[in-house]
Amino acid sequence: SWEATEFRVTSAGQEALAEKAAALGIQRFVMDDGWFGQRKDDHAGLGDWYVNPQKFPEGLKPLIDKVHSLGMDFGLWVEPEMVNPDSDLYRKHPEWVLNFTGRPRTEQRHQLVLNLARKDVRDYVFGFLDNLLSHNQIAFLKWDYNRNWSEPGWPAVASDEQKAVYVDYVRNLYGILRELRAKYPKVEIESCSGGGGRVDLGILGLTDEVWPSDNTDPFDRLRIQDGFTYAYTPGVMMAWVTDSPSWANDRTTSLTYRFLSSMQGSLGVGANLNHWTPDDFATAKKLVEAYKGIRETVQHGSLYRLISPRDGSEQSVTESVSLNKRQGVLFTFLHSSQMGYPFPRVFLRGLDPEREYSVTSIAGTLAKDTPAAASGSYWMSHGVDVELRGDFQAAAFRFDAAR
């Protein structure tokens with residue numbers, strides 16, 4: 001919901017947005033920041049994790065019921081480790097934040113970091129999350145963490161013990177996640193962390209997916225996703241279709257280009273659906289449905305980097321092949337045509353050379369002389385010619401083995 005409503009969430013507004021999402025074939029609706037405390041902007045409310053009674057006078061249940069009636073499950077944004085000085089929690093417990101006695105408490109994004117190393121803070125954080133999950137049918141938590149530490153002191157303990165704050169904080173964070181996973185095993189958790197700030201094997205042992213970067217510009221994401229997948233599987237890499245022009249570069253790209261960039265990972269839609277045209281909805285619905293037919297291959301198959309987007313490359317090409325080699329998915333991207341040169345021929349990899357694979361367009365076209373079906377050996381040795389010309393163009397194709 002973020003790009004559509006930002007902090008201006010209301011039950012009626014979110015229900016209307018959920019209806020638009022369901023029309024696309026979306027399977028999970030996630031309400032972002034602004035639903036709790038006195039949260040009207042990023043200056044206040046963090047730490048006060050009760051449902052805002054003005055925005056949701058009957059609580060979250062009517063909205064969740066509406067989302068379920070549309071065939072989607074419901075997710076929610078939280079930022080459990082942070083607090084605004086303008087909050088009931090901070091006014092009651094100013095000692096609960098990381099701080100050094102006699103030094104200013106430096107704010108970033110108008111917030112401070114709770115000292116999760118403290119048992120009382122740990123119990124508070126687990127308590128409100130437990131209460132939230134036990135009283136609402138929530139299938140997903142987007143766990144954000146939007147600033148770095150400053151003044152990492154712990155005045156409540158002896159000075160020679162204060163450096164333990166680093167380890168004890170993380171131990172308590174992991175402890176909370178373990179308890180939540182044990183008590184609510186069906187709830188998925190995404191480690192968001194301010195744009196890829198906490199992506200590591202420790203947090204991935206306790207969460208289901210991560211947010212690689214706040215930069216969702218689809219061209220920039222080609223390199224971001226390329227680097228990310230050298231360390232982690234595309235199955236944990238959240239990749240959102242967001243608005244154009246992109247906030248990061250003021251770059252304008254087509255909806256198809258944005259979708260194909262994101263379809264190389266775990267696809268999400270974060271654009272403002274309230275501004276979409278009927279043609280946008282038709283394009284998105286088609287591509288969402290196409291993604292459902294390839295996501296197992298994309299998320300859990302073998303990834304081949306056929307042309308790297310790095311070092312100023314004009315092209316980017318990736319291929320995913322299912323582990324049983326029954327499906328291959330090809331994504332191709334062109335930055336800009338130059339001198340009339342055609343897009344380079346693409347030679348697939350990883351297919352079974354003896355099987356016959358039919359080719360289907362997800363978006364875009366192949367050269368006219370491309371056969372409708374051929375052996376894996378043909379696709380790998382002869383290759384395919386993709387018809388891509390212009391600026392920021394993209395095409396994708398699936399190769400399915402005959403039954």
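## The antiparallel sheet

Ala363 has Ala396 in strand 15 as its bridge partner, and this pair belongs to a predicted model in which local features need pLDDT of at least 70, side-chain atom pairs count only at pLDDT 80 or more, and totals for chains, interfaces and linings use all residues. Residues are numbered from 1 along each chain as its sequence is written, and side-chain values rest on heavy atoms, with hydrogens and water left out.

Strand 13 (residues 356-363) and strand 15 (residues 391-401) run antiparallel and are joined by six bridges; strands here are DSSP runs of E with at least two residues, helices are runs of H or I with at least four, and both are numbered from the N terminus. Two strands count as paired if DSSP finds at least two bridges between them. The open sheet to which they belong has six strands in the order 10-11-12-15-13-14, with antiparallel pairing. Strand 10 (302-307) and strand 14 (373-375) stand at its edges with a single partner strand each, so one side of each has no neighbour in the sheet. From one strand to the next, the twist averages 25 degrees, where angles run from 0 to 180 degrees between N-to-C directions and axes are lines fitted to C-alpha atoms, for helices over the stretch in contact.

Another open sheet is formed by five strands in the order 1-2-5-6-7, and its pairing is parallel. Its edge strands are strand 1 (28-31) and strand 7 (209-210), each of which pairs on one side only. Strand 2 (residues 73-78) pairs with strand 5 (residues 140-143) in the parallel sense over four bridges, and Trp77 stands opposite Lys142 in strand 5. Helix 6 (residues 165-183) lies across strand 5 and strand 6 (188-191), and helix 6 runs at about 170 degrees to strand 5.

## A helix pair

Helix 2 (residues 11-23) and helix 3 (residues 61-69) have axes that come within 10 Å and cross at roughly 10 degrees. The two helices are therefore roughly parallel to each other, a term for angles under 35 degrees, whereas over 145 counts as roughly antiparallel, 65 to 115 as roughly perpendicular and the rest as oblique.

In this contact (heavy atoms within 4.5 Å), Ser11, Gln14, Glu15, Ala18 and Glu19 of helix 2 meet Pro62, Leu63, Lys66 and Val67 of helix 3. The residues involved divide into four nonpolar, two polar and three charged.

## Nonpolar cores

The largest nonpolar core has 87 residues, and those with the most contacts inside it are Trp35, Phe259, Leu260 and Met263. Such a core is a set of buried Ala, Val, Leu, Ile, Met, Phe, Trp, Tyr and Cys residues joined through side-chain atoms within 4.5 Å; buried means under 20% relative accessible area, exposed over 50%, and partly exposed in between, with a 1.4 Å probe and protein chains only. Leaving aside its neighbours within four places in sequence, Phe259 is in contact with Val241, Leu267, Val269, Trp276, Ala284, Leu287 and Val288. A second, separate core of 21 residues includes Leu334, Val346, Leu348 and Tyr357.

## Backbone features in loops

The peptide bond from Ser244 to Pro245 is cis, with omega near 0 degrees, and Pro245 lies in the loop between strand 8 (238-241) and helix 10 (255-262).

Arg109, although not a glycine, has a positive phi of about 55 degrees; Arg109 is found in the loop between helix 4 (88-92) and strand 4 (112-113) and is partly exposed, with a relative accessible area of 46%. Lys325, in the loop between strand 11 (315-321) and strand 12 (327-336), has a positive phi near 65 degrees and counts as partly exposed at 34% relative accessibility.

How values were computed. Nonpolar A, V, L, I, M, F, W, Y, C, P; charged D, E, K, R; others polar.
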